[in-house]
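Open the structure in your viewer and keep the sequence beside it. Each stop below says what to select and what is there.

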Amino acid sequence: MATRRGPRFKECRHLGVNVCGHPKAMNRAGDPAFKKTHKTSEYGLQLIEKQKIKAYYGILEKQLRHYFELATKASGKTGTALIISLECRLDNLVYRMGFANSIRMARQMVSHRHITVDGKIINVPSIAIKPGQTIALTEKARKSEQFKKCFLGDNKAPIDYLSIDQESFSGKLVSEPQREQIPVQINDQMVVEYYSK
């Protein structure tokens, strides 16, 4: 299975936002060595926005193109449909609910069969979760100190479209996310323009 393995902090500095969620990712962003000395073209700005999506959700170019094609057929704005469909991926929701401290860890947890959806073990990170479905740690995974520490930590900001039950080590997608609720700094329209050329 293909995965993104590049240096995360370097990617965050290049894109200008903390796409990996690590508290120290942007510590050196203001250093003179990383200061841009040239103006970025319109195409360059569109490319950066596209790269942000890939970094936020831990996906590759082929996957992103597939999601974009599906979004063009959906009702409403293409950019909004694209972000919402990516937000509802299983690996992303595992990360958002706090089972993992990064999207990479979340993807690995799903692949290694540590996650259930409505009581059934699922090992496909890209599966789309629908409102009302419950995501939980398997009984075996609940004994892992690392997983417990992640999930029971107090540093998670509440997200409106998710509900968390720490006692049962589970979370539920309460409703379909609205674009303004999704915590990603992306200019959706620029991504649409990039792929529309």
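**A buried arginine**

Start by selecting arginine 96, which is buried because its relative accessible area is 16%, and under 20% counts as buried. Keep in mind that this is a predicted model. Arginine 96 sits in helix α5, which covers residues 90-96. Now show what surrounds arginine 96: apart from neighbours within four places in sequence, its contacts are Tyr57, Glu87, Ile159, Tyr161, Leu162, Pro183 and Val184.

**Tyrosine 57 and the core**

Move to one of those contacts, Tyr57. Neighbours within four places in sequence aside, tyrosine 57 touches Ile83, Leu86, Glu87, Asp91, Asn92, Arg96, Ile103, Ile182 and Val184. Which residues have the most contacts inside the largest nonpolar core? They are Ile53, Tyr57, Leu82, Leu90, Val94, Met109 and Ile135, in a core of 48 residues. In soluble globular proteins, nonpolar side chains tend to be buried together.

**The whole chain**

Zoom out and switch to a cartoon view. The chain has eight helices and five strands, and along the sequence their order is α-α-α-α-α-α-β-β-β-α-β-β-α. Of the 197 residues, 42% are buried. Take the contacts between residues at least 6 apart in sequence: 57% of them join residues at least 24 apart.

**Helix α6**

Select residues 103-111, which form helix α6. Its buried residues are Ile103, Met105, Ala106, Arg107, Met109 and Val110. What covers these buried residues? The cover includes helices α2, α3 (61-73), α5 and α7, together with strands β1 (115-117) and β3 (134-137). After α6 comes arginine 113, with a positive phi near 65°.

**Helices α2 and α8**

Next, colour helix α2 (residues 42-57) and helix α8 (residues 188-195); their axes come within 8 Å and cross at roughly 110°. So α2 is roughly perpendicular to α8. On the α2 side, the residues that meet α8 are Glu42, Tyr43, Leu45, Gln46, Leu47, Glu49, Lys50 and Ile53. On the α8 side, they are Met190, Val191, Glu193, Tyr194 and Tyr195.

Stay on α8 and ask how many of its eight residues are buried. The count is six, so α8 is mostly covered. Select Asp188, Met190, Val191, Val192, Tyr194 and Tyr195 to see the buried ones. Among the elements that cover them are α2, α3 and α4 (78-87).

**Aromatic rings**

Show the side chains of Tyr43, Phe68, Tyr194 and Tyr195, which form one aromatic cluster. In the whole structure there are five aromatic pairs.

Cysteine 88 counts as buried because its relative accessibility is 10%. Cysteine 150 has a relative accessible area of 15%, so cysteine 150 is buried as well. How many disulfides does a search of the whole structure find? The search finds zero.

How values were computed
Residues are numbered from 1 along each chain as its sequence is written. This is a predicted model: local features need pLDDT of at least 70, side-chain atom pairs count only at pLDDT 80 or more; totals for chains, interfaces and linings use all residues. Side-chain values use heavy atoms; hydrogens and water are left out. A nonpolar core is a set of buried Ala, Val, Leu, Ile, Met, Phe, Trp, Tyr and Cys residues joined through side-chain atoms within 4.5 Å. Buried means under 20% relative accessible area, exposed over 50%, partly exposed in between (1.4 Å probe, protein chains only). Contact means heavy atoms within 4.5 Å. A disulfide is a pair of cysteine sulfur atoms within 2.5 Å. Rings of Phe, Tyr and Trp (its six-membered ring) pair if their centres lie within 6.5 Å; planes under 30 degrees apart count as stacked, over 60 as edge-to-face and the rest as tilted. Axes are lines fitted to C-alpha atoms, for helices over the stretch in contact, and angles run from 0 to 180 degrees between N-to-C directions. Helices (H or I, at least four residues) and strands (E, at least two) are DSSP runs, numbered from the N terminus. Angles under 35 degrees count as roughly parallel, over 145 as roughly antiparallel, 65 to 115 as roughly perpendicular and the rest as oblique.
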